[in-house]
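Got your viewer open and a cartoon view ready? Here is a walk through the model, one selection at a time.

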Amino acid sequence: MPIIESDGASIHYQFDGSEGGRVVVLSNSLGTNLSMWDAQVPALAARFRVLRYDTRGHGQSSVTPGPYGIMQLGRDVVRLLDELEIERAHFCGLSMGGMTGMWLGVYAAPRIERLVLCNTAAKIGTPDIWNARIEFFF
C-alpha cells in the first residue's frame, strides 16, 4: 500500500495511467475515499497520470486527533507532491476536496497547473451542523 508521511499522518495514495503523463490529483469528499473516483479514472488515465489519495481521516489514511483544518489538508497535498517529486499538477476536488483545492490555489499556486473545484464552497455549513453529523455517525 503506497503511503507518505505528513505531519503525523500516513496518507494513502494510488497512481493510475502511464508514468510519463501529466499528473492530475483527485481529492475526495467528506466521508468517502479515493474509490469515489473509480468511474472517472479510465477516461482520465487515457490522457493523464492520475494521482488519487485518501484525505487524512478517510479510507486507508491515518485518523489523527482532530479537529482538522483545510490548511492541514492542503499541506498534506503539498507534502504528497513533494514526496512524489511532482513539481506541478492539475487538481480536481469535490466538496471538501474542493475546499482543499481553494487553499492550494491561494497558498500553493505555483504547484497547481489547473484547478477544478466541484460542488464546493468557501464555507460549508456551521460547526453545529457538522458536530451533529459526527455525533450521528460516531
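**Helix 2 over the sheet**

Start by selecting helix 2, which lies across strand 1, strand 2, strand 3, strand 4 and strand 5 and runs at about 125 degrees to strand 1. Contact here means heavy atoms within 4.5 Å. Axes are lines fitted to C-alpha atoms, for helices over the stretch in contact, and angles run from 0 to 180 degrees between N-to-C directions. Helices (H or I, at least four residues) and strands (E, at least two) are DSSP runs, numbered from the N terminus.

Before you go on: this is a predicted model, where local features need pLDDT of at least 70, side-chain atom pairs count only at pLDDT 80 or more, and totals for chains, interfaces and linings use all residues. Residues are numbered from 1 along each chain as its sequence is written, and side-chain values use heavy atoms, with hydrogens and water left out.

Helix 3 lies across strand 3, strand 4, strand 5 and strand 6, at about 140 degrees to strand 5.

**The sheet**

Hide the helices and look at the strands. What is the order of the 6 strands in the open sheet? The order is 1-2-4-3-5-6, with mixed pairing; two strands pair if DSSP finds at least two bridges between them. Strand 1 (3–6) and strand 6 (112–118) stand at the edges with a single partner strand each, so one side of each has no neighbour in the sheet. On average, neighbouring strands are turned by 25 degrees against each other, direction ignored.

Next, pick strand 3 (residues 23–27). Of its 5 residues, 5 are buried, buried being under 20% relative accessible area, exposed over 50% and partly exposed in between (1.4 Å probe, protein chains only). In a regular strand the side chains alternate between the two faces of the sheet. Here both faces are covered: V23, V25 and S27 are buried on one side, V24 and L26 on the other.

Strand 3 runs parallel to strand 4 (residues 49–53), joined by 5 bridges, and V23 stands opposite R49 there. Strand 3 also runs parallel to strand 5 (residues 89–94), this time with 4 bridges; S27 faces G93 in that pairing. For the antiparallel sense, show strand 2 (residues 9–16) with strand 4, which pair over 4 bridges. Q14 has R52 in strand 4 as its bridge partner.

**Two buried stops**

Select M99, in helix 3 (residues 96–107). Is M99 buried or exposed? M99 is buried, at a relative accessible area of 15%. Leave aside neighbours within four places in sequence, and M99 is in contact with I70, T120, A121, A122, K123 and I124.

Then jump to H58, in the loop between strand 4 and helix 2 (70–83). H58 counts as buried, at 10% relative accessibility. Not counting residues up to four places away in sequence, H58 touches N28, S29, L30, G31, T32 and M96.

**Aromatic rings**

The whole structure holds 2 aromatic pairs (rings of Phe, Tyr and Trp, its six-membered ring, with centres within 6.5 Å; planes under 30 degrees apart count as stacked, over 60 as edge-to-face and the rest as tilted). One of them is Y13 with F15, edge-to-face at 6.0 Å centre to centre and 80 degrees between the planes. Y13 is buried at 12% relative accessible area, whereas F15 is partly exposed at 26%.

**Salt bridges**

Last, show the charged side chains. The count comes to 7 salt bridges, each a side-chain nitrogen of Lys or Arg within 4 Å of a carboxyl oxygen of Asp or Glu.

- Pick E113 and R22: their closest N and O atoms are 2.5 Å apart. E113 lies in strand 6 and R22 in the loop between strand 2 and strand 3, so the pair ties together parts 91 residues apart in sequence. R22 is exposed, at 51% relative accessible area.
- Pick R79 and E83: their side chains meet at 3.0 Å, N to O. These two are 4 residues apart in helix 2, which means about one helical turn between them.
- Pick D82 and R111: this salt bridge spans 2.7 Å, N to O. D82 lies in helix 2 and R111 in the loop between helix 3 and strand 6, so the pair ties together parts 29 residues apart in sequence. D82 is partly exposed at 38% relative accessibility, while R111 is buried at 19%.
- Finish with D16, D38 and R52, which salt bridges with shared partners join into one network.
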